[in-house]
Amino acid sequence: MNASVTAQSTGTSAPEFLAPSEFLDSASDAVRRFAVSTVGNAGSNVEKAVRLYYAVRDGIRYDPYSIRAVREIFVASHVLAAQAAFCIPKANLLAAAARAVGIPAGIGLADVKNHLTTRKLRELMGTDIFIHHGYTVLLLDGRWVKCTPAFNIELCRKFDVLPLEFDGVHDSLMHPYDAKQQRHMEYLKDHGMFAEFPYERVIGDFRRMYPTFFKQQVSGDFEQEMPLHP
């Protein structure tokens, strides 16, 4: 399903948001084991979602240099094996893990202006506009809740970014300011949520927006670089 949908257009059953897919491979052994072991004895779906959120946020290191025009890196089970990913694959993993324990989930995409980056990443991207920033949308207690498991706690501490908390009730999106009250991230356009990650659309837009990035083999340790504040 490549067309975006709104929370109002999906009922509480939302069968397409529970089914395994290519990128949200919730039926894979790896994702199922991860999800079941993470939720443990959690009683409610809200508690399960919160546990899964923190496991993905802090258990998978954020790595913007892992972006490749390769389908595999966006697959949830691959993210578990790699233990590092950027925002979209991490959001895919959280959505897949939620589906594996019976929570309807999808992937959300939004364009953002990122004020907190590094000199190297800014030069490679050629802009501080990050299109198709990924977040997860979960159906909890009859309503869709957004959450962003992108930045692990170690990275937040290094870059003086307030870590995003999630209670399963309120939306958890990128803070507009970092811990020093400097501009961190602005949401420019929300593309809605998807039952399946729209690979062709996103990669096509990435190639047009960041031609320099995709013309070379990019590598680095983002967590060890110095933040480039405005």
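Strands E5 and E6 form a hairpin with two residues between them, and Asp-141 in the turn has a positive phi of about 50°. Helices (H or I, at least four residues) and strands (E, at least two) are DSSP runs, numbered from the N terminus. This is a predicted model: local features need pLDDT of at least 70, side-chain atom pairs count only at pLDDT 80 or more, and totals for chains, interfaces and linings use all residues. Residues are numbered from 1 along each chain as its sequence is written, and side-chain values use heavy atoms, with hydrogens and water left out.

**Overall make-up**
- The protein chain has seven helices and eight strands.
- Of its 230 residues, 56% count as buried. Buried means under 20% relative accessible area, exposed over 50%, and partly exposed in between (1.4 Å probe, protein chains only).
- Among contacts with a separation of 6 or more, 72% link residues 24 or more positions apart. Contact means heavy atoms within 4.5 Å.

**The sheet**
- Four strands make an open, antiparallel sheet in the order E6-E5-E3-E7. Two strands pair if DSSP finds at least two bridges between them.
- E6 and E7 (185-194) are at the edges with a single partner strand each, so one side of each has no neighbour in the sheet.
- On average, neighbouring strands are turned by 30° against each other, direction ignored.
- E5 (residues 129-140) and E6 (residues 143-147) run antiparallel and are joined by five bridges. Leu-139 stands opposite Trp-144 in E6.
- E3 (residues 105-114) pairs with E5 over eight bridges, also in the antiparallel sense. Ile-107 has Thr-136 of E5 as its bridge partner.

**Helix H7 on the sheet**
- H7 (residues 199-209) packs on the sheet and touches E3, E5 and E7. Its direction makes about 155° with that of E5.
- Axes are lines fitted to C-alpha atoms, for helices over the stretch in contact, and angles run from 0 to 180 degrees between N-to-C directions.
- Tyr-199, Val-202, Ile-203, Gly-204 and Phe-206 of H7 are buried. The buried residues of H7 pack against H4, E3 and E5.

**Nonpolar cores**
- The largest nonpolar core holds 70 residues. Leu-52, Phe-74, Phe-86, Ile-88, Leu-138, Phe-166 and Phe-206 have the most contacts inside it.
- H4 (residues 87-100) gives the largest share of this core, ten residues.
- Apart from it lies another core of nine residues, including Ala-110, Val-137, Met-193 and Ala-195.
- A nonpolar core is a set of buried Ala, Val, Leu, Ile, Met, Phe, Trp, Tyr and Cys residues joined through side-chain atoms within 4.5 Å.
- Beyond its neighbours within four places in sequence, Phe-166 contacts residues including Tyr-53, Leu-138, Leu-140, Val-145 and Cys-147.

**H1 against H4**
- H1 (residues 29-39) and H4 pack at about 75°, with their axes 8 Å apart.
- H1 is therefore roughly perpendicular to H4 (65 to 115 degrees; under 35 is roughly parallel, over 145 roughly antiparallel, and the rest oblique).
- Val-31, Arg-32, Phe-34 and Ala-35 of H1 meet Leu-93, Ala-96, Ala-97 and Ala-100 of H4.
- By class, this contact has seven nonpolar, no polar and one charged residues. Ala, Val, Leu, Ile, Met, Phe, Trp, Tyr, Cys and Pro count as nonpolar, Asp, Glu, Lys and Arg as charged, and the others, Gly among them, as polar.

**Asn-92**
- Asn-92 lies in H4. It is buried, with a relative accessible area of 0%.
- Leaving aside neighbours within four places in sequence, Asn-92 is in contact with Phe-23, Leu-24, Phe-74, Ala-76, Ile-107 and Phe-197.
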